Amino acid sequence: MAAALTAAQAGLIGCEHCGLLVRAASADEPGHCPRCGSPLESRRRQSIERTWALVIAAAICYIPANLLPVLGTTTLGSTEYDTIMGGVVFLYTSGSWPLALIVLIASVMVPLGKLIALGYLLISVQRRSSSSNRERTRLYRMVEFIGRWSMLDVFVDTFTVALVQLSPLMAVSPGPGVMFFAAVVVLTMIAATTFDPRLIWDAGGEPESRIG
Amino acid sequence: MADALDSNTLPQATLTPPRRSRISAIWLIPLLAAAVAIGIAVNRILNEGPTISILFQSAEGVEANKTIIKYKDVKIGQVTAVELHQNYSKVMVTARIDKHAEGLMVEDAKFWVVQPQVTLSGVSGLSTLLSGNYIGFEMGKSSKPQRHFTGLKVAPVIPIDQPGREFELTASDLGSVSVGSPLYFRRLQVGQVMTYQLAPDGNSVSISVFVNAPFDHFVSAQTRFWNASGVDVSLGDGGLDVRTQSLVSLLVGGIAFATPSSAVEPAPATADTTFVLYADRATAMKQPETISRHYVLYFTESLRGLTVGAPVTLFGLPAGEVADVGIDIDPATTEVRGRVEIVAYPERLVSDMHTEQSSSAQAMVQNPEQSHAFFQRLVMDRGLRAQLRSGSLLTGQLFVAFDFFPDAPKAEVDWGPKMPVIPTVPGTVTNLEDKVSDILAKVDKIPFETIGSEVAQTLLALNEAIKDIDKAVNRIDKGVIPELKPAISAVRSAMMSADRVLKNTDATLLGKDAPGQLELRDALQEVSRAARSLRVLTDYLERNPSSLIRGKNGEKP
């Protein structure tokens with residue numbers, strides 16, 4: 001791979017929506033796509049700033065998502081609220097450690113991993129790090145791919161709440177934590193799309209020389 | 001590759017005026033998230049109630065993060081941890097109390113584990129069967145906050161805010177009273193026993209009872225409490241007396257109370273007033289004796305049947321009771337004698353008096369000198385004496401009766417000793433015993449042995465007479481029948497001679513006198529018929545002589 005030249009360096013911009021490669025009107029004002037009319041950006045405008053904002057927001061929401069109960073189970077008059085970690089501990093102590101592991105990974109590790117991954121990408125881009133560009137790209141793809149599956153928890157929660165409403169005997173109600181959990185997922189998804197992966201290659205001049 | 005691209009052939013981007021703001025609106029999102037999260041955190045912290053610890057003997061059914069604390073069925077907290085404590089002898093339950101219930105955590109607040117309980121007096125905690133055990137809470141009266149509590153073993157019987165009053169009862173023993181035992185007023189359940197405990201000196205039991213609100217007005221200073229547990233059967237001189245409050249009290253015990261009708265001031269008693277718990281209703285309802293005089297009586301007769309508490313009567317009216325029964329030695333004669341200590345309640349007699357006289361009598365009773373003089377005069381002049389009498393022949397209960405015995409030897413009240421000694425006369429019981437022994441002595445004198453031997457002789461004679469009769473019968477059998485033969489032949493010869501006489505008389509009779517002849521003929525026919533019968537008889541007898549004894553048998557002659 002010897003394509004060291006980027007479109008930005010050539011003064012060209014690829015339209016993100018229709019894929020038309022255009023010449024930028026000027027360096028400061030890239031203008032609009034002549035085919036689809038969407039605004040052209042050599043790099044996503046304020047990508048790092050926005051992603052940071054969203055990642056920080058997600059990180060803030062991550063705390064109550066894990067501290068607040070996500071599910072309230074009412075059995076014969078007594079209501080029990082369970083947090084995500086409480087559920088993991090319950091599953092583990094009741095013997096089904098594979099389930100506990102799944103919940104732990106899907107509900108705790110993955111959102112946290114996404115936040116860390118995005119943070120790492122942002123920091124590395126900001127520091128104009130030029131090492132392991134491919135790995136970072138792969139990481140970004142993974143974050144983007146996982147994003148759509150992260151709502152599984154919320155989905156299960158809403159499903160259970162909708163199904164288990166046998167009012168006097170048993171009822172399940174959503175806890176406040178699930179809202180924060182959903183917010184974490186949504187914010188990280190948006191953050192992943194806001195992050196411009198092109199920035200990864202902007203740093204440095206000769207990344208390939210190091211990696212080989 | 002780059003050369004192939006002619007940058008000039010590429011489309012040119014259109015230009016629009018720039019719209020840029022300094023700070024991106026995107027930062028509103030983390031700000032919002034932070035605001036919400038901080039808001040929730042602040043809310044949490046503000047709503048965070050105190051964390052308390054409760055020591056229990058056992059944490060049966062208490063689970064961390066599941067068991068809740070309820071007050072009036074409202075959740076006020078949740079158990080966060082259950083762990084062993086104090087050298088593993090107790091269980092420490094840590095619980096987080098809701099903010100709104102923080103003010104309830106005061107010094108004398110009570111905690112206990114609610115679980116289903118089935119007792120004789122009812123079923124409680126059934127709801128825990130479905131919802132699991134929870135920790136019950138009861139508010140305290142104090143305002144001093146506290147964070148460490150000791151849990152109760154059982155739920156308090158009476159909620160602290162239940163209107164009513166608490167009273168203390170002192171009893172010699174607990175009887176069958178237990179926590180939760182009902183309290184009755186006119187057989188209506190009006191309260192419950194709350195707690196009981198042994199007095200520090202071990203001599204009595206103190207019982208706290210709670211009387212519910214509308215009924216606590218009926219408890220006045222004069223109210224009497226008595227143990228209504230089980231069946232109270234007493235066999236006194238009044239006969240068999242059975243009293244019980246209710247079937248429940250039979251099983252779980254109970255306490256009843258009433259105010260005597262004579263009580264003058266029915267002002268409600270203040271809470272925590274101490275009352276005496278009497279053993280039974282009769283004891284409880286006795287008039288309060290403000291004046292009591294102790295006397296000693298000496299008896300030479302048996303005191304069997306005389307018990308402490310036996311009535312002392314004057315003219316049959318209750319005047320006191322026996323306080324002590326024992327023996328001592330007469331210092332003068334060194335003889336053992338029965339010593340009966342009685343306590344007299346002169347006011348009882350006063351209350352039985354005519355209303356007009358009662359006030360003056362009351363005045364006299366109040367004055368010891370005057371009443372002593374009056375009593376002395378009764379004893380000396382009128383012959384007032386104490387006597388043991390039988391209350392019931394069946395049970396042998398004795399009581400002390402005062403009566404007038406004008407014929408009794410002169411005696412006087414001995415005021416000398418600590419307690420005045422009242423002269424006595426032998427009781428009717430002894431007389432009765434004497435009479436019975438008299439009768440027995442007379443019965444003893446009856447010569448049963450002589451009578452017996454005479455009877456034996458008579459029987460012997462009778463036996464011989466029977467033998468004689470036997471012999472006579474034998475003799476008849478053997479002797480009489482053979483002797484009948486000559487008799488029959490004699491009859492025959494008599495007949496023949498009669499025949500001859502008739503033949504001779506024929507001439508005279510068959511004369512002119514026809515009627516006589518006819519009559520004679522009839523007569524003769526009768527005679528001949530008789531003779532024929534006789535012949536038949538004699539023939540038959542000849543053939544069957546035994547028929548004289550045994551009668552004719554079936555066959556005809």
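Biologist: Hi! Does B:Lys72 count as buried or exposed?

Modeller: B:Lys72 counts as exposed, at 55% relative accessibility. Buried means under 20% relative accessible area, exposed means over 50%, and partly exposed is in between, using a 1.4 Å probe and protein chains only.

Biologist: And what should I know about the model before we go on?

Modeller: It is a predicted model, in which local features need pLDDT of at least 70, side-chain atom pairs count only at pLDDT 80 or more, and totals for chains, interfaces and linings use all residues; side-chain values use heavy atoms, with hydrogens and water left out. Residues are numbered from 1 along each chain as its sequence is written, while chains are lettered from A and ligands numbered from 1 in the order in which they are written.

Biologist: Great. Where is B:Lys72 found?

Modeller: You'll find B:Lys72 in the loop between strand E2 (68-71) and strand E3 (74-85) of chain B. Helices (H or I, at least four residues) and strands (E, at least two) are DSSP runs, numbered from the N terminus. B:Lys72 also has a positive phi of about 55 degrees, although it is not a glycine.

Biologist: What is phi of B:Phe315 near?

Modeller: Phi of B:Phe315 is near 55 degrees, a positive value in a residue other than glycine. B:Phe315 has its place in the loop between strand E20 (311-314) and strand E21 (317-329) of chain B. With a relative accessible area of 55%, B:Phe315 is exposed.

Biologist: Zooming out, how many helices and strands does chain B come to?

Modeller: Chain B has 11 helices and 25 strands. Of its 557 residues, 31% count as buried.

Biologist: Which strands close into a barrel?

Modeller: Seven strands of chain B do, in the order E10-E13-E12-E11-E17-E14-E18, and the pairing is mixed. From one strand to the next, the twist averages 35 degrees. Two strands pair if DSSP finds at least two bridges between them.

Biologist: Let's pick E14(B). In which sense does E14(B) pair with E17 of chain B?

Modeller: E14(B) and strand E17 (residues 255-258) pair in the antiparallel sense over four bridges. There, B:Arg224 stands opposite B:Ala258. Two bridges also join E14(B) to strand E18 (residues 274-278) of chain B, and these run parallel. B:Trp226 stands opposite B:Tyr278 in E18(B).

Biologist: Which residues of E14 of chain B point one way, and which the other way?

Modeller: B:Arg224 and B:Trp226 point one way from E14(B) (residues 224-227), while B:Phe225 and B:Asn227 point the other way, and all are buried.

Biologist: What about the open sheet: what is the order of its seven strands?

Modeller: The order in this chain B sheet is E5-E8-E2-E3-E4-E1-E9, with mixed pairing. Its edge strands are E5 (110-114) and E9 (148-150), each of which pairs on one side only. At one end, strand E1 (residues 51-56) and E9(B) pair in the parallel sense over three bridges. B:Ser53 stands opposite B:His148 in E9(B).

Biologist: New topic. Is B:Arg293 buried or exposed?

Modeller: B:Arg293 is buried, with a relative accessible area of 15%. B:Arg293 lies in strand E19 (residues 293-299) of chain B. Leaving aside residues up to four places away in sequence, B:Arg293 touches several others, including B:Ile342, B:Val365 and B:His372. Contact means heavy atoms within 4.5 Å.

Biologist: How far apart are B:Arg293 and B:Met419?

Modeller: They are 126 residues apart in sequence and 8.8 Å apart in space, C-alpha to C-alpha.

Biologist: Now chain A. At what angle do the axes of H1(A) and H6(A) cross?

Modeller: The axes of helix H1 (residues 47-67) and H6(A) come within 8 Å and cross at roughly 160 degrees. That makes H1(A) roughly antiparallel to H6(A). Axes are lines fitted to C-alpha atoms, for helices over the stretch in contact, and angles run from 0 to 180 degrees between N-to-C directions. Angles under 35 degrees count as roughly parallel, over 145 as roughly antiparallel, 65 to 115 as roughly perpendicular and the rest as oblique.

Biologist: And how do H4(A) and H6(A) cross?

Modeller: The axes of helix H4 (residues 133-147) and helix H6 (residues 176-194) of chain A come within 9 Å and cross at roughly 140 degrees. That makes H4(A) oblique to H6(A).

Biologist: Which residues in H4(A) and H6(A) meet?

Modeller: A:Tyr140, A:Val143, A:Glu144 and A:Gly147 in H4(A) meet A:Val185, A:Met189, A:Ala192 and A:Thr193 in H6(A).
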